[in-house]
Amino acid sequence: MAQTDIQFSILKAEADGMSASVTNALDLKLRQVFDRNGAGAADLYNVFAIEPTISVEKIISTKDGVVLDVPIAQGELVLIAKNIIDGAEYYSTSIELEGESLGSKDKAMKSMIKGIKVTDPAYKQFINTARKKIEEYYSTNCAFILQKAKALYNQQRYKEAISYLSAATANIPCYDQAYALQEQILAKLGTKPDTVIVEKVVEKPVVVEKVVEKPVVVEKIVEKPVPVEAPAAPKCEITISMNDLEFRVLSCKGEPTQRRITIKAEYVNQNVNIANGDISLDVVIDDNGKELPRENKAVIANGSSYEWISMPARVNLKHDFYIVNYDHPIETISYMKLKVRNGYVEIRNLKVDW
């Protein structure tokens, strides 16, 4: 996602003594402003919003021609860019307004709203700055953002979760995790079947002629199964940070043609209070003592080094970890650090079978 993908819903202004007609007029005008600047959200589940406040500060008189005094209302429009899910306020600005003040306060406000120009560069500047502030907030609050998105996912508020993650751009630290979670949520949205209403089904009887077949005697040959020994697990040293988590390496095979090493693992979540968790490949150090960068590590086929998956308790679960696009055939992986659920697994001196 890019900054320009962040769209804003307009919240209705709330103020003591403000009539519905003033609230609706301001709402319509701000929608025009944000649509004009490519920042208006049509999605009901959008989580980024603008909270407006309008006020009349004072009334002054000016000369209109020679005879008439025309009262002018001066006020301000305050815009706050915020998140309606977690309440975070990213940026605010105040814009001066002016309009005729003939009659009631409502009429003065309507006149000020009417004077708002959708092409005023102040609104474009506000939108650009708000988007930048949102990206900065997401960059410095990665763990909180992922935790909140997972909570929305667990509540089956999938569309809100997708919108909440939409500001996770590629240059923030938790982009891989956010991307993997978005993929998982989109898969959930794609599996919901459409509702089909069947009014009445009329079945016609089918007449089937009875065919009498003579029994055929077939001699049954019973073959005794030959036990096949499972391949021995590769030797390595494994350290697990949690007592309620089991983990073992099943195999570690190199694939020269694809420049890939696949580590097959099996684990068991023994904590009945946890049903979901993280899978990530955080650190890999090769046989030269060199730490591999993020693009050389993956836990799913699309190359992401992070995935958030279901982990039912007391079930043998399998997962593959990948080292890809390495610069030389690695004989032994000196060190690996994985995150499984909320624990860490450290693997040392894992030999690669080529």
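The lining of the largest pocket divides into four nonpolar, three polar and six charged residues, where Ala, Val, Leu, Ile, Met, Phe, Trp, Tyr, Cys and Pro count as nonpolar, Asp, Glu, Lys and Arg as charged, and the others, Gly among them, as polar. The model is predicted, so that local features need pLDDT of at least 70 and side-chain atom pairs pLDDT 80 or more, while totals for chains, interfaces and linings use all residues. Residues are numbered from 1 along each chain as its sequence is written, and side-chain values use heavy atoms, without hydrogens and water.

A pocket is here an open set of points on a 1 Å grid over the protein atoms alone where a 1.4 Å probe fits, with protein on both sides within 12 Å along at least five of seven lines, and lining residues have an atom within 4 Å of a point. Of the 13 lining residues, Gln177, Ser280, Asp282, Ser305 and Tyr306 lie nearest the centre of the largest pocket, and S8 supplies the largest share of the lining, four residues.

Four strands (DSSP E runs of at least two residues) form an open antiparallel sheet in the order S6-S7-S11-S9, pairing being defined by at least two DSSP bridges. S6 and S9 stand at the edges with a single partner strand each, so one side of each has no neighbour in the sheet.

| Strand | Residues |
|---|---|
| S6 | 245-255 |
| S7 | 260-269 |
| S8 | 276-285 |
| S9 | 297-298 |

S6 and S7 are joined by 10 bridges, and Glu246 has Val268 of S7 as its bridge partner.
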